[in-house]
Amino acid sequence: MKKALLIALSFLLVLCFLPACTGTGPSGEEASPAPTEAPSSDPGHAGPTDPPSVPADTSFDPETDAINLYSAENGCLIETEDGFYWSCFGSDYLLYYDYGLEEMIPVCGRPDCEHFADNNVLHQNKSCDAYLRAWRNPALYNGKIYYVDDNGAPNPNVDGAAGSFRLMRMEPDGTEKEFVKNLYTPGYESPQWLIFHRGWIYGMSPETIVDHGEVTGRTSIIAMPIDGDETTFRIIYSVDNNGWGCMRFIGDYCYFWIRYQEGYEYINWDTGDYVDETRSGGVAGRWNSKADKLEILYQDLLPEGEDFYQYAWVEEDGTIYVNGSSGLLKIENGELSVVMAFEDPDLEYHLTNLSDGIAIAHTSPRWDSDDPYQELDYWICRFDGTTVFKGKLPMDWFREYAESTSLPGRVTIPGIGMIAGDETGLWFMFSSVWYTSGNNDPDATFLVRYDFTEDGGVQAKLYGSFIAWLTPELQLH
C-alpha cells in the first residue's frame, strides 16, 4: 500500500488546481449610493485611491487561482487527475484520495512511515511528510503545495510579544519541504482565513482591542505577496467592529464580505430591563491586486430585528449574493433584494451556506432526541430561486460506520463543518462526538459526497474519515 502511495503521488499530473445603499457604515459615515473607492483620509482602513488605470483580468488560471468553493470553509479539496487532496481544520495531516486505490491515504513519501496509528490524528507523528499543521488552507500553486503553519518567528510588529506564521512549500507527493519566509500580522490579530490566489496570500483577520479598559474590535482584510522579501501583511480594508465573513476571487479581484454588529446590549440599572440596541450591518468590497485599487460596493445597516450572516458568493459579472435572516439576498447595482425566503408551511428552514450558484438551507436537529441518526431536511435552490433539491440527505454511511461500536460513549448527531458544491452535488464535512464523562471524549470527522440524480434523488458516498482521541497510551506521552 505504501509503495502504491509513492507511485501514485510521484506521478501526479496537476490539472489543479461585492454596489451601496444609503445609510451609515461601521464607523458612522454615510455610505455612497454607488460603488466608490475607499476614502484616502483613512489610510489605516483602506488602500490607495489614485492608482493607475489598469484593467482587471477576470479569467481563471488553474495554476495560480484560489478555488472559491473552499475559500471560506473549514477544509478544502484540491482536484488532480488521479484523485484529490483533503485538508481539514480538525487534522494536522494532509490526505489524498486515490481514485485507483479507492482509499484515503496520507501524503507521505516515506516507505516505512507509520503516519498515524489506528486512524487517530492525535498521534502527531511530526516526522511524517503528511504532517503539516496547516493554517487554512493549503493550495496546489504553480505545481507545488504551499501552506502556512504557526511556527514563525516572534512578531516584530508587537515587539515579539506574539508569534507569527511561516510560509512553506513542498512537492505534491509531500517531499522536499522548504521554508519560504515568515508572515507577520500588523498587530496581535490571528487570521481566520489564509488563501493563496494569483501571487498573493489573503486573510480575514478579526482582532479584539482593549483601550483604557474598553473592549472594542476590528476586522481586517489583509494581503501579502507570495514571492519577494515582504513579510508584513498589508491592510486592504478594515472595519472597527468585531466581524466575520468570507472572501471570493475572480481574476485580479479579491471580493470580500464582512458581517458586523453596531450598538450595544445592556441592562438598564434604573429599571432592570434588558436593552438590545444592536443592528446588523454588512460591507462588501473588492480589491484589484493589479491596479492596487479598492472599491466599496455595499455598506449598510439592516432594520432592527434583521440580520446578515457570514456567507457571500460572487458571480463572474460581479453580482453578490449573501445569506441573512430573511433568506437569500442579492446585491446588485446598489440595491439589496430578497431572492428566496425559504418559507414552508410545515418546516422551519435556516439558510446556512452559499456555494457555487446555490443556496443551502436546512432544518435544525431535534437536540432533545436520543436518535443520533436523524436525517435533517434540506432545501437547495439556485440563485434564481428555483429548487435543485428538497428533502432528506441519507445518513446510512453514518449508521454503518464501524468505529461507532468500538469508541466509548454515546454518539451525538453529526454536526456540519463544511458544505461546498453546486447543483450537481455537495461535499459535506461532518463531525460527531462520543460523549463519556465530558473529559477526553473521542470525536470523528467524515468527508461525504452527495450527488443529485436526474430523477430527483440523491446518492451518498463516504470518502474518508479520521478519529481525534487522546487515548490512554497517548496521554502518557
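These legends go with close-up views of aromatic rings and the charges over them in a predicted model.

Residues are numbered from 1 along each chain as its sequence is written. Because the model is predicted, local features need pLDDT of at least 70 and side-chain atom pairs pLDDT 80 or more, while totals for chains, interfaces and linings use all residues, and side-chain values use heavy atoms, with hydrogens and water left out.

View 1. Searching the whole structure turns up 37 aromatic pairs; rings of Phe, Tyr and Trp (its six-membered ring) pair if their centres lie within 6.5 Å, and planes under 30 degrees apart are stacked, over 60 edge-to-face, the rest tilted. Y93 sits in the loop between β3 (83-88) and β4 (95-98), and F116 in the loop between β5 (103-106) and β6 (139-141). Strands are DSSP runs of E, at least two residues, numbered from the N terminus. Y93 has 3% relative accessibility, so it counts as buried (under 20% relative accessible area, 1.4 Å probe, protein chains only). F116, at 12%, is buried too.

**View 2. W200 and W287 pair edge-to-face.** Their centres are 5.0 Å apart, and the planes make an angle of 90°. W200 belongs to strand β11 and W287 to strand β18, 87 residues apart. Both are buried.

**View 3. Two arginines sit over rings.** The charged end of R136 is 4.0 Å from the centre of the F89 ring. R286 lies over the face of Y253, 4.1 Å from the ring centre. To count, NZ of Lys or CZ of Arg must be within 6 Å of the ring centre and within 35 degrees of the ring normal.

Methods
Helix = DSSP H or I, 4+ residues; strand = E, 2+ residues; numbered from the N terminus. Buried < 20%, exposed > 50% of the residue type's maximum accessible area, 1.4 Å probe, protein only.
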